Amino acid sequence: MPPQAPASPGYPPHAAPPPGYQPAPPNLELPGSTPAVKAYLAAVTHHMTVGRMQIAQHMVGPLMSMVGVTAVIATALNPIDLVLCVATLEEISPAAVDDFPRQVDGFAKNQRRRSVFGVKGGAMGVAALVSERVHPAAVQALRNRPMSFGSVVTPAVVDLGNRQLHIASNTPAIGLAMWHAVRSQARSYLPEPRLVLG
């Protein structure tokens, strides 16, 4: 679960805001949002705020996304950040499920902080696609797979039509220790649709 303390605005105090970050507008909204999508995004925004994430909108690949960034490990010896990217589509396709995690991996790579040894720390990413329509093969396309060195990105599909949250559950050998952690973070910040929409 994200921390229960009320969030203070701004990036966590251990680091300066990443380049290009601006404070989130009061009503963050993605293109083409239906009432159900808006309600779900509002719930995710609440979880991000409670989790003290820096929240903004960014293009992640071809998709305008709501992005939250926070430190999982804040020490200078081995800094690890969590980057949560949430995008909406009219219909989630298997191709989108395959491509979006790659785009999130590239974005997360740019957020990684340097350790005291001068090398970049790690990043955990969540690539969440939200829609009221999900192609039947899209959920089967959910797979965790190794990407950039030092980062793990887990894909998620939020099917608002069927009120279901799907998070990739396989565990690749590379980055073994981080896959459970990133799945746990995904479940903390992405509420079950039935709890939001009834």
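Starting point: I'm working from a predicted model, so everything below is read from that.

**Entry 1: salt bridges**

I began with Arg187, which comes out partly exposed at a relative accessible area of 49%. Its side chain meets that of Glu192 in a salt bridge, 3.9 Å from N to O. Glu192 also pairs with Arg194, and there the N to O distance is 3.2 Å.

Next I looked up Arg145 and Asp98, whose side chains form a salt bridge at 3.2 Å, N to O. Where do the two partners sit? Arg145 is in the loop between strand 4 (122-131) and strand 5 (151-159), and Asp98 is in helix 2 (residues 94-111), so this pair ties together parts 47 residues apart in sequence. I noted that Arg145 counts as buried, with 17% relative accessibility. The cut-off for buried is under 20%. Asp98 is partly exposed at 33%.

I then followed the shared partners: salt bridges join Asp98, Arg102 and Arg145 into one network. My tally for the model is 4 salt bridges.

**Entry 2: nonpolar cores**

Which residues touch the most other members of the largest nonpolar core? I get Val44, Met48, Leu84, Val86 and Leu190, out of 29 residues in that core. I also listed the elements that each supply at least two residues: helix 1 (35-50), strand 3 (80-88), strand 4, strand 5, strand 6 (164-167) and helix 3 (176-189). Helix 1 gives the most, with 6 residues.

Leaving aside neighbours within four places in sequence, Leu84 is in contact with Val44, Met48, Met53, Met66, Val67, Gly68, Val126, Tyr189 and Leu190. Another core lies apart from the largest one; I count 23 residues in it, including Val69, Phe100, Ala123 and Ala168. As a general rule for soluble globular proteins, nonpolar side chains tend to be buried together.

**Entry 3: Ser131**

Is Ser131 buried or exposed? I find it buried, at 1% relative accessibility, and it belongs to strand 4. I wanted to know what its side chain reaches. A polar atom of that side chain lies 2.8 Å from the backbone oxygen of Leu89. The Ser131 side chain also reaches the backbone nitrogen of Arg133, at 3.0 Å.

For the surroundings of Ser131, I again left out neighbours within four places in sequence. On one list I have Leu89, Glu90, Glu91 and Ile92, together with Val158, Asp159, Leu160 and Gly161.

**Entry 4: positive phi**

Most residues other than glycine have a negative phi. Arg52 has a positive one of about 60 degrees, and it is not a glycine. I placed Arg52 in the loop between helix 1 and strand 1 (54-60), and it is partly exposed with a relative accessible area of 34%.

Arg163 also has a positive phi, about 55 degrees, without being a glycine. I found Arg163 in the loop between strand 5 and strand 6. Its relative accessible area is 31%, which I logged as partly exposed.

Definitions and conventions. Residues numbered from 1 in each chain as written. Predicted model: local features only at pLDDT ≥ 70, side-chain atom pairs only at ≥ 80, totals over all residues. Heavy atoms only, no water. Helix = DSSP H or I, 4+ residues; strand = E, 2+ residues; numbered from the N terminus. Buried < 20%, exposed > 50% of the residue type's maximum accessible area, 1.4 Å probe, protein only. Core = buried A, V, L, I, M, F, W, Y, C linked by side-chain atoms within 4.5 Å. Contact = heavy atoms within 4.5 Å. Polar contact = N/O pair within 3.5 Å; in protein donor to acceptor, adjacent residues only side chain to side chain.
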